[in-house]
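Me: I have a structure open and would like to go through a few parts of it. Can we take it one question at a time?

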Amino acid sequence: MADTIDIDEFSEILAETCRKYSEEVKQEVKTGIEKIGKETVSEVKSLSPVYKGKDKNLKKGAYKRGWTYSVDESRGNFRVTVHNKKYQLVHLLELGHLLKDGTGRIYGEVPPKKHVETAENHAEEKVDALLGGL
């Protein structure tokens, strides 16, 4: 004769199994997101331009070394933020900018160096692959 359980016991077992499964998935996603954050920081560092000017106040490689990331969790959602300590330079380098003299006259243009966008696109693909594999 087969073992039987009543419906209340079944619902408790099912709820417990679902809770354990969701915790396992949550931990796997968190670990994957942290790994993607580290990989993205590494990639954006390798793509970042290095200052080659003569200004002694600007340290060579400070922008490149300034990349880091943080992972935030809110209600089971994870967000990885990759940012630079020299945040003022990111948009100038990523989008390019005009060079002006002290009077406001434009005398040149700095072309964009797409290093953040490239790393961001690769990170999005990795997140999609992570979530698609669950």
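Me: Is Leu134 buried, exposed or partly exposed, and what is its relative accessible area?
Reply: This is a predicted model, to begin with. Leu134 has a relative accessible area of 42%, so it counts as partly exposed.

Me: Where is Leu134?
Reply: Leu134 lies in the segment after helix 4.

Me: And what is Leu134 in contact with, leaving aside its neighbours within four places in sequence?
Reply: With those set aside, Leu134 contacts Val25, Glu28 and Val29.

Me: How many residues apart in sequence are Leu134 and Val25, and what is the distance in space?
Reply: They are 109 residues apart in sequence. From C-alpha to C-alpha, Leu134 and Val25 are 7.5 Å apart in space.

Me: Helices next. At what angle do helix 1 and helix 4 cross?
Reply: Helix 1 covers residues 7-47 and helix 4 covers residues 116-132. Their axes cross at roughly 160° and come within 9 Å. An angle over 145 degrees counts as roughly antiparallel, which makes helix 1 roughly antiparallel to helix 4.

Me: Is that crossing left-handed or right-handed?
Reply: Helix 1 passes helix 4 in a right-handed crossing.

Me: Which residues make the contact?
Reply: From helix 1, they are Val29, Gly32, Ile33, Ile36, Glu39, Thr40, Glu43, Val44 and Leu47. From helix 4, they are Val116, Thr118, Ala119, His122, Ala123, Lys126, Val127, Leu130 and Leu131.

Me: How many of those are nonpolar, polar and charged?
Reply: By class, the contact between helix 1 and helix 4 has 11 nonpolar, 4 polar and 3 charged residues.

Me: New topic. How many aromatic pairs does the structure hold?
Reply: The structure holds 1 aromatic pair. Tyr63 and Trp67 form the pair, with ring centres 5.7 Å apart. Their planes are at 75°, and planes over 60 degrees apart count as edge-to-face, so this pair is edge-to-face.

Me: Are Tyr63 and Trp67 buried or exposed?
Reply: Both Tyr63 and Trp67 are buried.

Me: Where is Ser74, and what is its relative accessible area?
Reply: Ser74 is in strand 1, residues 67-74. Its relative accessible area is 45%, so Ser74 is partly exposed. The C-alpha atoms of Ser74 and Leu131 are separated by 17 Å.

Me: Last one. Where is Cys18?
Reply: Cys18 is in helix 1, and at 45% relative accessibility Cys18 counts as partly exposed.

Key. Residues numbered from 1 in each chain as written. Predicted model: local features only at pLDDT ≥ 70, side-chain atom pairs only at ≥ 80, totals over all residues. Heavy atoms only, no water. Axes fitted to C-alpha atoms, helices over the stretch in contact; angles between N-to-C directions. Helix = DSSP H or I, 4+ residues; strand = E, 2+ residues; numbered from the N terminus. Parallel < 35°, antiparallel > 145°, perpendicular 65-115°, else oblique. Left-handed = near helix turned anticlockwise from the far one by under 90°. Contact = heavy atoms within 4.5 Å. Nonpolar A, V, L, I, M, F, W, Y, C, P; charged D, E, K, R; others polar. Phe/Tyr/Trp six-rings, centres within 6.5 Å; stacked < 30°, edge-to-face > 60°. Buried < 20%, exposed > 50% of the residue type's maximum accessible area, 1.4 Å probe, protein only.
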